[in-house]
Amino acid sequence: MTARPTYEQLKKDFDWPRAAAELGLEPGAPLNIGWFCSDRICDLGKQDKDALRWEDFRGESRTYTFDDVRVLSNTFATFLQDQGVTAGDRVCMFLDRVPELYIGFLGVLKMGAIVQPLFSAFGDDSLWTRLDDASTRAIVTQKKHLGKVRRARENLPGLEFVFVVDEANLREGEIRLDLAGLPRVEEYTCHPTTAETPSVLHYTSGTTGQPKGAQHVHNSLVSQYITAKWVLDLKEDDVYWCNADPGWVTGTSYGIIGPWSNGVTQAILDAGFNAEKWYAFIERQGITVWYSAPTAIRLLMKEGLDLVRRFDLSCLRHLASVGEPLNAEAVLWGREAFGLDFHDTYWQTETGCMVITNFPGMEVRPGSMGKPFPGITAAVLDTRTFEPLTQPGQVGLIAIREGWPSQIRGYWNNLEGYRKKIVNGWYICGDRASIDRDGYYWFCGRDDDVINTGGHLVGPFEIESALLEHPAVAESAAVAKPDPVNMEVVKAFVTLKAGFEPSKDLELEIMNVIRKKLSGLAMPQEIEFIAALPKTRSGKIVRRILRAQEFGEPIGDVSSLMND
Ligand code: WT7
């Protein structure tokens, strides 16, 4: 691997074809992410190098070399094909962070199908909505999630295949996929995918409607490879840890594709948050590069420095963060705890790769997201004219000039919804920021009603739809409420139908319904029963007012409201 050039050098010289050339890619040539993350690494002579060092919460562990990943993803691809899954089908991965998830992800891509990773903590409704929208043909799951899959399948006639990776009492129409037990497929010819062939379908929330499927293509590799290499500063001997779940884009772009296309060893911990276990994991695995998130860092801060001092974490060399605003305090704490800066990075499901970054070697300004990645043209636009703002400190809309390799090609079934986000050649991210006189970006907030809880976006519409299914709920509005650890949590305002009275029991009951239907993330932490919701004259609920109230902000212009 060549040494990383400085930000200033790259800013001058870099263009995307240069990154493609590093991968030996030629325009129009076959391009398959599965192949680039395993076969190519073996061809470079790293077949015996560890690709995946996996541990779970029970202390079980398994290690896979790049050759294991190559052969087992071949095996996975062959198995799906033999069963009748074909190129272009949507194959959902509904798994905890087990090795089959990471290896199977590459297998699905190798056979030319579209991989749809879903967070395994999703409840019945969240799962069903996304499988229905994508007309998913196959799902790969494990025993503990089979109940949810069976219930979803009752109303999904197109979901033909259910594959189960561990032992379970299977019913008719369910098939065991025992990756370790299948005959190993040493040689496999990938489907002839090219740069524009659909690869990953990630569901993400917006303000209106149900979550949308962000459609990535195989060409995303170019961006993910080079940003992982330069921004995460990945080097030959690194042991890298990304603690995001592949149900979310960080867990695929930088939890599978980025590190493996660079031939870097990654360690995975299939366990929830626990400060002591996390530090022990870093020490035991000798993690050198760690990609984390502000909520995790704030949780570690709460546990204090004494705990950090009990471990030898001198292996750590580079730290980065993504998902929500990384407050200056967290950066300063990181310096004390690890002697290193957390490098904030900003991006989205739709961008596929980091777009605003604290590049290694560049001065970190605590609280800032850094500067546009070389090759990315970014700006902050005037909210009315959509022209770039020119004065330092002016707040506007974060926008990225169209055309970087990992930009999504649309929302599944909803190209119109995506095209609306593009104005005058700028992709509008939906966030507000300002740029200081030295070109550093400072995040201000989202420009819509989407709630960012612990780095996970949840859409108000999905929550409100689920709330309405409760017999007591007449109308509802889900908004963000500030939270010291998760930055935001969900709060629901609810009006009740005649005959129902507000009570603590009812509040708990409704909360639980949402947790079960959607997920713990989407569950309101508080429900406020009110007599009427603020609406516009045309009857649209105005969440902005409720949100402003929660954040103690000025309410703004309410002149068009009905019941003010
Ligand atoms: C939204 C995208 C991309 C990985 C994880 C989330 C917020 C993301 C930052 C940051 C402030 C951030 C934005 C963005 N966000 N990174 N460094 N500082 N906010 O992907 O689920 O598509 O969410 O997360 O609001 O639009 P996502």
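Predicted model: local features only at pLDDT ≥ 70, side-chain atom pairs only at ≥ 80, totals over all residues.
1. Domain layout. The chain is split into two parts: domain 1 covers 7–38 + 45–433, and domain 2 covers 451–551. Between the C-alpha centres of domain 1 and domain 2 the distance is 29 Å.

2. Extent of the interface. On the domain 1 side 24 residues make contact, and they meet 22 residues of domain 2. The area buried between domain 1 and domain 2 is about 1700 Å², with 53% of it on carbon and sulfur atoms. Within domain 1, the residues that lose the most area to domain 2 are Asp125, Ser205 and Trp248, which together make up 25% of what that side buries.

3. Polar links across the interface. Two salt bridges are counted between domain 1 and domain 2. The count of residue pairs in polar contact between domain 1 and domain 2, both at pLDDT 80 or more, is 12. On the side of domain 1 that touches domain 2, helix H7 (124–134) and helix H12 (294–303) supply at least two residues each. That side of domain 1 comprises seven nonpolar, 11 polar and six charged residues.

4. Arginine 130 and glutamate 462. These two residues form a salt bridge, and their closest N and O atoms are 2.8 Å apart.

5. Salt bridges overall. The count of salt bridges comes to 47. One of them joins arginine 184 to aspartate 68, at 4.0 Å from N to O. Arginine 184 sits in the loop between strand S7 (174–176) and strand S8 (198–204), while aspartate 68 belongs to helix H5 (residues 66–83); the pair links distant parts of the chain, 116 residues apart. Arginine 184 counts as partly exposed because its relative accessibility is 45%, which falls between the cut-offs of 20% and 50%.

6. A buried pair. The side chains of aspartate 89 and arginine 137 form a salt bridge with an N to O distance of 2.6 Å. Aspartate 89 is in the loop between H5 and strand S3 (90–94), and arginine 137 is in the loop between H7 and strand S5 (138–141), so placed that 48 residues separate them. Both aspartate 89 and arginine 137 are buried.7. Arginine 310 and glutamate 276. A salt bridge also joins these side chains, at 4.0 Å from N to O. Arginine 310 is in the loop between helix H13 (305–309) and strand S13 (318–321), and glutamate 276 is in helix H11 (residues 275–285), so the pair ties together parts that are 34 residues apart in sequence. Arginine 310 counts as exposed because its relative accessibility is 60%, over the cut-off of 50%. Glutamate 276 has a relative accessible area of 41% and is therefore partly exposed.

7. Helix H11. The buried residues in H11 include Ala275, Trp278, Tyr279, Ala280, Phe281, Ile282 and Gln285. At the start of H11, asparagine 274 places a side-chain oxygen within 3.1 Å of the backbone nitrogen of glutamate 276.

Notes:
Residues numbered from 1 in each chain as written. Heavy atoms only, no water. Domains from an automatic or database assignment. Contact = heavy atoms within 4.5 Å. Buried area = accessible area lost by both parts, 1.4 Å probe. Polar contact = N/O pair within 3.5 Å; in protein donor to acceptor, adjacent residues only side chain to side chain. Helix = DSSP H or I, 4+ residues; strand = E, 2+ residues; numbered from the N terminus. Nonpolar A, V, L, I, M, F, W, Y, C, P; charged D, E, K, R; others polar. Buried < 20%, exposed > 50% of the residue type's maximum accessible area, 1.4 Å probe, protein only.
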